[in-house]
Amino acid sequence: MPPYQDEAELVAQATQFDRTAIAELYRRHVQQIYRYIYYWVGDESTAEDLTAEVFLRALESLKTYSYRGVPFVAWLYRIAQARVADYHRRRARRGEKLPLHEGLIGSEEDLVSLAEHRETYRDLYMALQQLTAEQRQVIVLKFVAGLKNEEVAYVLGKSEGAIKSLQHRALASLQRILGVEDE
Amino acid sequence: MNDRQFESVLDRCLIALQSGQATIEEVAAHYPEHAQQLIPLLKAAQRAASTTGPQLSDEAVTAIQGRLLQRAGELRTRAERHRPGAFRGRLFHFRLMPVALVLLVALLMSGVWVSSAAAASLPGDVLYPVKRVTERVQLALTFSETNRAWLHIRFAERRLKEVQAVLEQRGQLDEVTLAEVGDETEAALALAEQLGSDRVEVLSTLATLTERQQAVLAAVKDKAPPQAQAGLTRAMERSRHGYERAQAALEKRGEGNQTLTPGPTHTPEPSHTPKPTHTPKPTHTPRPTQVPNPTRTPRPTHTPKPTHEPKPTNVPGGPPNEVPAGPPMNSPGGASH
């Protein structure tokens, strides 16, 4: 059983730079944040670097976080969103393109199950690239990360009504790209 | 049913589906007139939700956690140092008592000597805490945000020089001081981002500072022992982030191309205008003593009058070739020990 039941209490402890609380918060959310970033950069190694940046940035800004009904992870997603945007700006400035296949097909991986697993999320990643940025945000935050409408609205700075509308358009595009009506 | 109503129906179906208590067909059956439209959308949502995505390896999770906890330790040390009352508490700490006494006696004997000796001290030296206390006092007595930013820049430079000196003299990496290089830089960045007219100048200096830090750290890394490599890599990475942060702040307002342009604070102050003390006086007017040809004695009435005597002009903002006045801490890179 984790030493902290309530996340708000955990965050309060982390604000005092309590190592146990920081480690617990990190362990709870690291995989979610990593996956979110991955679906924006398409490269596992870059996603790893940016994940580290997100948690370090969060640690330094912990005092600015206050619990107002929005979970801590939604706040982390906001930081992740900013880091990803910053990453894309840097790449654009250097004239680099997105690594569409980079890191998706592992050359060192021999395990068939892992290869198949990668194939599945590669398909989703490729499909997401064809959506608009806002549609992609909604799909990843709502269905990959599992956030509620109000939490997605907080991360994207939009109203819940706008999220429902975006969700509809995003799913319509996604089903066309994935061809799910033929299944 | 309009679009908004359909969006609400879709949302209700998604919530029911996410609860895991019904299948797509069962959920869609509640809205038979829209089932055909709903089912592909719900399938697309299910496909996205069932894709678990990549997993960060255990090694990577542990490595990032290590960095995070190390940074937490640094931040806690810094927070304790800046806690109200920490100054007084520390001054009377038993380890600092001899230092305080030394300071008192030395001040009585020769304030100048202590000041210069402390400035040259390195971490671990007896007088080093005096140097740090002096810096804290200096910071506490500086109320302008711009000047505080310049002070942090100066201290960041000092800490880096101390790291270099300790490594050269004692062959060991002082990780605490190394972390303080980043702390001071980030403190300056945080202030600079909030500044008004001095913002560009301070941020440009910070961009240059962090670039130089990376170069110095890379040189230090080449000479450092193997156990110091990880700490130096982290410091370089932190410095790189600082550089990117300064650049991003400059670009935010389209100031990225102005990094080398001096800001308005470089305007020479009127006090630097030289006084017109060098104006030639009429008394220097050459006398016609050197006029040759004694055969035709010139009359002394031809002596030229000082009609072209330059007047002491009112220089509006100082002469154009005058060295502009720098920021309060004019040479952030020139901090001396």
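In chain B, H8(B) and helix H10 (residues 199-223) pack at an angle of about 5 degrees, with their axes 11 Å apart; axes here are lines fitted to C-alpha atoms, for helices over the stretch in contact, and angles run from 0 to 180 degrees between N-to-C directions. H8(B) and H10(B) are therefore roughly parallel to each other, given that angles under 35 degrees count as roughly parallel, over 145 as roughly antiparallel, 65 to 115 as roughly perpendicular and the rest as oblique. The model is a predicted one, in which local features need pLDDT of at least 70 and side-chain atom pairs count only at pLDDT 80 or more, while totals for chains, interfaces and linings use all residues. Residues are numbered from 1 along each chain as its sequence is written, and chains are lettered from A and ligands numbered from 1 in the order in which they are written.

The pairing of H8(B) with H10(B) brings B:Thr146, B:Ala149, B:Ile153, B:Ala156, B:Leu160, B:Val163, B:Gln164 and B:Leu167 of H8(B) against B:Val202, B:Thr205, B:Leu206, B:Leu209, B:Gln213, B:Val216 and B:Val220 of H10(B), where two residues are in contact if their C-beta atoms, placed from the backbone, lie within 7 Å. By class, this contact has 11 nonpolar, 4 polar and no charged residues; Ala, Val, Leu, Ile, Met, Phe, Trp, Tyr, Cys and Pro count as nonpolar, Asp, Glu, Lys and Arg as charged, and the others, Gly among them, as polar.

Chain B as a whole has 11 helices and 0 strands, helices (H or I, at least four residues) and strands (E, at least two) being DSSP runs numbered from the N terminus. Of its 337 residues, 26% are buried; a residue is buried if 20 or more other C-beta atoms lie within 10 Å of its own, exposed if 12 or fewer, and partly exposed in between, with C-beta atoms placed from the backbone. Among contacts in chain B between residues at least 6 apart in sequence, 66% join residues at least 24 apart.

On the side of H1(B), the residues involved are B:Leu10, B:Cys13, B:Leu14 and B:Leu17, which meet B:Leu38, B:Leu41, B:Leu42, B:Ala45 and B:Gln46 of H3(B). This contact has 8 nonpolar, 1 polar and no charged residues.

The loop between helix H8 (145-170) and helix H9 (175-194) of chain B holds B:Gln172, which is partly exposed, with 13 other C-beta atoms within 10 Å. Neighbours within four places in sequence aside, B:Gln172 is in contact with B:Val166 and B:Leu167. Although B:Gln172 and B:Pro225 are 53 residues apart in sequence, their C-alpha atoms are 7.7 Å apart in space.

Chain A comes to 8 helices and 0 strands, and 39% of its 183 residues count as buried. Among its contacts between residues at least 6 apart in sequence, 61% join residues at least 24 apart. Within chain A, the axes of helix H4 (residues 72-93) and helix H7 (residues 149-156) come within 9 Å and cross at roughly 35 degrees, and H4(A) passes H7(A) in a right-handed crossing. This contact is made by A:Ala74, A:Tyr77, A:Arg78 and A:Gln81 of H4(A) together with A:Glu151, A:Tyr154 and A:Val155 of H7(A), a set with 4 nonpolar, 1 polar and 2 charged residues.

The contact between the two chains takes 37 residues from chain A and 30 residues from chain B. Two or more residues on the side of chain A that touches chain B are given by each of helix H2 (19-41), helix H3 (44-60), helix H5 (112-128), helix H6 (133-144) and helix H8 (160-178) of chain A. That side has 21 nonpolar, 7 polar and 9 charged residues.

How values were computed:
A crossing is left-handed if the near helix is turned anticlockwise from the far one by less than a right angle, and right-handed if clockwise.
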